[in-house]
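These are my notebook entries on one structure. I set down what I looked up, topic by topic.

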Amino acid sequence: MLCAVYKSSRKADTYLFVKKRDCFDDVPAPLMEMFGVPKLVIVFPIAKRDALGMADIQKVRAAMEENGFYLQIPPPQVNLLAEHKLSLGIKD
């Protein structure tokens with residue numbers, strides 16, 4: 001199966017994996033609206049890959065089989081100030 005990966009024009013470090021280039025039929029309309037204009041990054045055969053950079057390949061494959069797409073979002077940002085206060089024993 002081929003996999004086309006698109007970068008979001010609205011959300012930093014957010015990527016959408018779909019089964020076919022320029023085919024977003026399986027992606028819900030509200031998600032496409034939030035995602036913005038998709039910018040093609042790469043098309044590759046996902047079956048021949050053992051790993052991906054930031055996503056679990058098994059989760060990507062399973063989501064694409066079940067839903068027809070996979071949305072990769074960045075991990076939440078760490079609040080360094082809150083962590084520092086916590087390490088000092090300061091409560092808000």
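Which residues make a nonpolar surface patch of about 230 Å²? I found that Leu2, Leu40 and Val43 make this patch. Patches are made of residues with over 30% relative accessible area and no salt bridge; like charges are joined within 9 Å, and nonpolar side chains (Val, Leu, Ile, Met, Phe, Trp, Tyr) within 5 Å. Accessible areas come from the Shrake-Rupley method with a 1.4 Å probe, and for residues only the protein chains shown count as cover.

I noted that this is a predicted model, in which local features need pLDDT of at least 70 and side-chain atom pairs count only at pLDDT 80 or more, while totals for chains, interfaces and linings use all residues. Residues are numbered from 1 along each chain as its sequence is written, and side-chain values use heavy atoms, with hydrogens and water left out.

**Sheet.** I looked up the strands (DSSP runs of E, at least two residues; helices are runs of H or I, at least four; both are numbered from the N terminus). In an open sheet, 4 strands follow the order β3-β1-β2-β4 with antiparallel pairing; two strands pair if DSSP finds at least two bridges between them. β3 and β4 stand at the edges with a single partner strand each, so one side of each has no neighbour in the sheet. I recorded that β2 and β4 pair over 4 bridges, and that leucine 16 stands opposite leucine 71 in β4.

**Leucine 40.** I placed this residue in strand β3 (residues 39–45). Leucine 40 counts as partly exposed because its relative accessibility is 34% (buried is under 20% relative accessible area, exposed over 50%, partly exposed in between, with a 1.4 Å probe and protein chains only).

**Glutamine 72.** This residue lies in strand β4 (residues 69–72). Glutamine 72 counts as buried because its relative accessibility is 11%. Leaving aside neighbours within four places in sequence, I listed its contacts (heavy atoms within 4.5 Å); among them are Asp13, Tyr15 and Met54.

Most residues other than glycine have a negative phi. I noted a positive phi near 55° for aspartate 13, which lies in the loop between β1 (2–7) and β2 (15–18). Aspartate 22 has a positive phi of about 60° and is found in the loop between β2 and α1 (29–35).

**Salt bridge.** How many salt bridges does a search of the whole structure find? I found 1 salt bridge (a side-chain nitrogen of Lys or Arg within 4 Å of a carboxyl oxygen of Asp or Glu). Arginine 21 and aspartate 22 meet in a salt bridge at 4.0 Å, N to O, and both residues are exposed.
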